[in-house]
Amino acid sequence: MTDAADDDHWLVIDGRRWRRTDPELSEEAADRLRSHLGRARSAVRTAKRADDDDAVAAARRRVDLAKHGLGERGPRWWEDDVAARRARADEALKALDGLAPPPREG
């Protein structure tokens, strides 16, 4: 049986346990990271269809950066102070914006 704190850290889907997004991230940062994550996952699919191993690796790196920024990979967010967690998200966003700038609104 899990305790309440454990439930705040993990999400169980089809019997698999997944780390939740860091709840201390600003909504803007979390939204931007999720946008990068979705675009990176799409890039992985596109690169696989094109049989482009280099593009697959680059897109998977973007997925990994976004997941780290969200706190879903890497150090357990609940073990770090909030400032370090937010700094990690900001670093991930900076790297992701450099690799794949957000689409322009228009």
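Contact here means heavy atoms within 4.5 Å.

**View 1. The whole chain, a predicted model.** Residues are numbered from 1 along each chain as its sequence is written, and side-chain values use heavy atoms, with hydrogens and water left out. Among contacts between residues at least 6 apart in sequence, 60% join residues at least 24 apart. The chain holds 4 helices and 2 strands; helices (H or I, at least four residues) and strands (E, at least two) are DSSP runs, numbered from the N terminus. Read from the N terminus, the order is α-β-β-α-α-α. The C-alpha trace spans about 45 × 30 × 25 Å along its principal axes.

**View 2. Surface and charge of the protein chain.** The accessible surface comes to about 7,200 Å², and 48% of that belongs to carbon and sulfur atoms; the areas come from the Shrake-Rupley method with a 1.4 Å probe, and for residues only the protein chains shown count as cover. Of the 106 residues, 29% count as buried. Buried means under 20% relative accessible area, exposed means over 50%, and partly exposed is in between (1.4 Å probe, protein chains only). There are 22 positive and 23 negative side chains, and the centres of the two sets lie 4 Å apart. Lys and Arg count as positive, Asp and Glu as negative, while His and the chain ends are not counted. Each charge is placed at NZ of Lys, CZ of Arg, CG of Asp or CD of Glu.

**View 3. Helix H3, residues 53-70.** H3 has 18 residues and reaches 26 Å from its first C-alpha to its last, close to the 26 Å expected at 1.5 Å a residue (the expected span is 1.5 Å times one less than the number of residues). Its buried residues include Val56, Ala59, Val63 and Leu70, and also Arg62 and Lys67. The buried residues of H3 pack against helix H2 (27-49) and helix H4 (82-99). As background, an α-helix has 3.6 residues a turn, so residues three or four places apart point the same way.

**View 4. The two ends of H3.** At the start, a side-chain oxygen of Asp52 reaches to within 3.2 Å of the backbone nitrogen of Asp54. After the helix comes Gly71, with a positive phi near 85°.

**View 5. His36 in helix H2.** His36 is buried, at a relative accessible area of 2%. Its side chain makes a polar contact with the side chain of Asp97 (2.7 Å). That term covers a pair of N or O atoms within 3.5 Å; within protein, one must be able to donate a hydrogen and the other to accept it, and residues adjacent in sequence count only if both atoms are side-chain atoms. Leaving aside neighbours within four places in sequence, His36 touches Leu93, Leu96, Asp97 and Ala100.

**View 6. Asp14 and Asp51, with positive phi.** Asp14 sits in the loop between strand S1 (10-13) and strand S2 (16-19). Its phi is near 50°, and Asp14 is exposed at 80% relative accessibility. Asp51 lies in the loop between H2 and H3. Here phi is about 55° although Asp51 is not a glycine, and the residue is exposed, with a relative accessible area of 65%.

Technical notes
This is a predicted model: local features need pLDDT of at least 70, side-chain atom pairs count only at pLDDT 80 or more; totals for chains, interfaces and linings use all residues.
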